[in-house]
Amino acid sequence: MSDLSNKHIVLGLSGGIACYKAAELCRALVKAGASVQVVMTEAAAQFITPVTLQALSNRAVYVSQWDAREPNNMAHINLSREADAILVAPASADFMAKLLHGRADDLLSLMCLARPIDSVPLILAPAMNREMWLHPATQRNMAQLKADGAHVLDVGQGEQACGETGDGRMLEPEEILQDLVAFFQTKVLAGQHVLVTAGPTYEAMDPVRGITNLSSGKMGFSIARAAREAGAEVTLVAGPVHLPTPRGVQRVDVRSALDMQAAVAAHVDAASVFVATAAVADWRVAEVAGQKIKKEGSGQLPQLSFVENPDILAGVAQSARAKSGALYCVGFAAESHDLLQHATTKRERKGVPLLVGNIGPATFGLDDNALLLVDAQGAKELPHANKLTLARQLVAEIAKRLKVA
Ligand code: C5P
């Protein structure tokens, strides 16, 4: 199952230079499994041709409300009735002003007005010059459009085609895709604040060397994304990994176990759910050398001694908030064998209500995994799938348990 399988998206383009990004967006939507019907204003067709969008969507593009291809000559009705969502990207300042007034003098605005308002959401990706974006009229229009039920996405920040720099760029196609995928997820964690740890930690030996492990952070990042999609506020404490931050997630980068513990301590009081997926190093070097430890050709081996790192999860699970049920704690266990037995023991040892087991060597660095959920009621398997799919299933499982608690 792709993220947008079985979804029919009407992609509307109003006039603006960001139309060039709409081609990539159209392709991304199709790749994500959606069927896409493009509707353009005449102004949009000045920036990019309907031919390009027809080729990318594999469907004839509509520009005019007088299009005689529709037997009843009511493209605005027919197109909007089929849609799971209408996504206007780019949504120009003028187009939004028009929507606000319920005007309908071209096919795209006519179709937006004619859509069944309760069943066909309207999602707008604004794009315009920074002065136009900041203008009180635009801001006022946006507030009113939101009040009228439209979902207005953020804008990007940076260099604009006009040569100026500021807010108002259309989001990148990948960002719009992520926001649209999130839009369709059920908001099972609305009102929750989820704190996630992810990735490995790095324990320095000297300024250039250290000890770490093979955790990629992918599972934790997927959980952060899935929790955000499910409507939670999300803080992600990440060890050293090179992964993009999921949309809408607050990320705190850390290096060592002690850094991670401090970052968790700083954010845990605001959290209602704590998911510890990080592969925290069990030990750190007792004394980190201030300068690079030299080999010097003496044949002498460095003498390193270690101290145990704090168990971040077990510490949080012992807190008053966790014990009172105000904070729901979820641990992970990466094992190489006897998953059920190890996960059951670890759940008790860590004092957490839910422990998720996985086979470490079979998943480290990969996009796929399989999970075994162990709680007081017993064990439940989430079979082999990609990590984002599993993360969404895990989020649903956590939400179920929060309801009962
Ligand atoms: O004991 P073990 O490392 O197998 O436990 C794994 C679980 O405990 C994971 O949820 C991991 O994030 C957490 N953990 C931690 N701090 C440590 C070690 C593990 O939070 N120092």
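## Starting in a helix

Where is the place of S80? In this predicted model, S80 belongs to helix 4, which covers residues 75-82. With a relative accessibility of 0%, S80 counts as buried. If you skip the neighbours within four places in sequence, the residues in contact with S80 are A75, I86, M111, A114, R115, P116 and V120.

N58 and N73 are both placed in the loop between helix 3 (50-57) and helix 4. N58 has a phi near 65°, a positive value in a residue that isn't glycine, and N73 has a positive phi too, near 55°. N58 counts as exposed, at 69% relative accessibility, while N73 comes in at 34% and counts as partly exposed.

Now for strand 3, which takes in residues 85-91 and includes V88. V88 is buried, and its relative accessible area is 0%. Leaving out neighbours within four places in sequence, V88 touches G12, S14, F95, L108, C112, L122, I123, L124 and A125.

The peptide bond joining A89 and P90 is cis, with omega at about 5°.

## Rings and charges

There is one aromatic pair in the structure. F183 and F184 have ring centres 5.5 Å apart and planes at 80°, so the pair is edge-to-face; the cut-off for that label is over 60 degrees. Both residues count as partly exposed: F183 has 24% relative accessibility and F184 has 25%.

Elsewhere, R69 lies over the face of Y62, at 4.4 Å from the ring centre.

An open sheet brings together eight strands in the order 12-11-8-13-16-17-18-19, and the pairing is mixed. At the edges stand strand 12 (250-253) and strand 19 (378-386); each has a single partner strand, so one side of each has no neighbour in the sheet. From one strand to the next, the twist averages 15°.

Inside that order, strand 13 (residues 273-276) and strand 16 (residues 328-335) run parallel and are joined by four bridges. A276 stands opposite G331 of strand 16.

## Helices on the sheet

Helix 14 (residues 339-350) packs on the sheet, where it touches strand 16, strand 17 (354-359), strand 18 and strand 19. The direction of helix 14 makes about 50° with that of strand 18.

Helix 10 (residues 218-229) lies across a set of strands: strand 8 (193-198), strand 11 (233-238), strand 12, strand 13, strand 16 and strand 18 (368-375). Helix 10 runs at about 170° to strand 11.

## Two domains

How does the chain divide up? The domain assignment gives domain 1 as 8-184 and domain 2 as 193-283 + 304-404. Taken over C-alpha atoms, the centres of domain 1 and domain 2 are separated by 38 Å. Seven residues from domain 1 and five residues from domain 2 take part in the contact.

Key
Residues are numbered from 1 along each chain as its sequence is written. This is a predicted model: local features need pLDDT of at least 70, side-chain atom pairs count only at pLDDT 80 or more; totals for chains, interfaces and linings use all residues. Side-chain values use heavy atoms; hydrogens and water are left out. Rings of Phe, Tyr and Trp (its six-membered ring) pair if their centres lie within 6.5 Å; planes under 30 degrees apart count as stacked, over 60 as edge-to-face and the rest as tilted. Buried means under 20% relative accessible area, exposed over 50%, partly exposed in between (1.4 Å probe, protein chains only). A charge sits over a ring if NZ of Lys or CZ of Arg is within 6 Å of the ring centre and within 35 degrees of the ring normal. Helices (H or I, at least four residues) and strands (E, at least two) are DSSP runs, numbered from the N terminus. Contact means heavy atoms within 4.5 Å. Two strands pair if DSSP finds at least two bridges between them. Axes are lines fitted to C-alpha atoms, for helices over the stretch in contact, and angles run from 0 to 180 degrees between N-to-C directions. Domain bounds come from an automatic or database domain assignment.
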